[in-house]
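Subject: Structure for your review

Dear colleague,

Please find a structure below, followed by an account of what was found in it. Kindly read the account with the structure open.

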Amino acid sequence: MTLDGRTVVITGASSGLGAEAVRLLGERGATVHAVGRDAERTRRVGGRHAYTVDFARLDDVRRLATELRARLDHIDVLAANAGAVVPRGVTADGIDAVFQVNAIGPWLLTTLLADRLRGGRVLATNSRSHRGAVIGDVPALAEGRPPLPGHRAYARAKLAAGILLREFGRRHPDVDVGDFHAGILATDFGRYLGERTGRAAKTAARPFLGSPADGAACLVALAERDTPLAGGHHTRARPARGAEQLYSPDLGRDLWPPT
Ligand SMILES: NC(=O)c1ccc[n+]([C@@H]2O[C@H](COP(=O)([O-])OP(=O)(O)OC[C@H]3O[C@@H](n4cnc5c(N)ncnc54)[C@H](OP(=O)(O)O)[C@@H]3O)[C@@H](O)[C@H]2O)c1
């Protein structure tokens with residue numbers, strides 16, 4: 001589909017892949033509603049179509065959904081791009097922080113926008129790391145159990161996010177869904193590992209990393225794809241096989257939070 005004249009909402013728009021994608025989507029003629037966590041940085045990217053949210057607070061996700069619903073009758077593409085390796089902890093909602101920021105918060109936003117997305121598409125930025133994760137005890141996930149080191153907990157949360165995305169697609173067949181791994185990118189992503197570790201790792205790896213613009217180009221290619229993504233996973237913009245659990249309707253049903 002051509003993006004010219006389309007309405008796109010993108011989260012994680014304040015930096016990295018998301019900020020580049022806002023620019024590219026705008027060049028394609030889309031009206032881009034940019035969602036970030038920091039008001040000032042997001043306004044610099046999104047101009048008058050800037051919104052804030054902290055996925056670590058479900059009341060804030062509900063507030064954002066209300067704001068978007070009041071302004072938008074229809075959303076052609078929701079790019080669920082925000083994600084982070086956040087420090088271990090429990091949110092004010094009593095949920096493991098990594099799981100909430102990467103899976104439950106984005107799931108809640110998508111669900112609250114379901115009617116606006118009819119005939120549209122949800123495209124999520126996943127991570128190849130999800131393929132190394134396994135989900136066992138579903139109720140334990142919200143408690144962050146079994147405990148894992150930061151990046152493995154993030155990978156598990158990304159797997160859960162992908163499962164919930166596909167379950168959303170089953171429950172809302174009028175919305176096309178899919179996700180992608182954009183490559184390892186030279187964004188500020190490593191900052192969550194701690195300033196020194198993140199900076200050192202990034203500097204060492206930079207020559208081998210893709211640019212935020214490379215990642216954004218994949219997002220745009222999938223956002224404007226003419227054929228349905230149909231629950232597919234992609235590496236960059238090419239179809240790829242995700243973890244087996246990603247496609248499990250049983251896990252989708254079990255993971256679906258009570259509403
Ligand atoms: N970089 C990589 O190599 C890589 C690899 C695989 C997957 N990814 C995925 O790609 C996506 C984009 O990441 P990036 O590389 O562009 O990194 P980034 O520059 O760190 O961008 C992450 C975005 O998510 C936002 N965010 C983080 N925590 C949030 C929260 N609690 N509430 C609301 N927004 C929050 C950030 O807001 P702030 O600016 O306020 O922090 C930022 O806008 C993420 O989903 C990430 O998991 C990245």
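Two strands are said to pair if DSSP finds at least two bridges between them. Helices (H or I, at least four residues) and strands (E, at least two) are DSSP runs, numbered from the N terminus. The model is predicted, so local features need pLDDT of at least 70 and side-chain atom pairs count only at pLDDT 80 or more, while totals for chains, interfaces and linings use all residues. Residues are numbered from 1 along each chain as its sequence is written, and side-chain values use heavy atoms, with hydrogens and water left out.

The sheet

Strands β1 (residues 7-11) and β2 (residues 31-36) run parallel and are joined over 5 bridges. Within this pair, valine 9 stands opposite histidine 33 of β2. Both strands belong to an open sheet of 8 strands with mixed pairing, in the order β3-β2-β1-β4-β5-β6-β7-β8. Its edges are β3 (50-52) and β8 (238-240), each of which pairs on one side only.

Helix α3

Buried residues (under 20% relative accessible area, 1.4 Å probe, protein chains only) of α3 are Leu58, Asp60, Val61, Leu64, Ala65 and Leu68. These cover an arc of only 150° around the axis (taken from the directions from the helix axis to the C-beta atoms), which puts them on the same side of α3. On the other side, Thr66 and Ala70 are exposed (over 50%).

Yours sincerely
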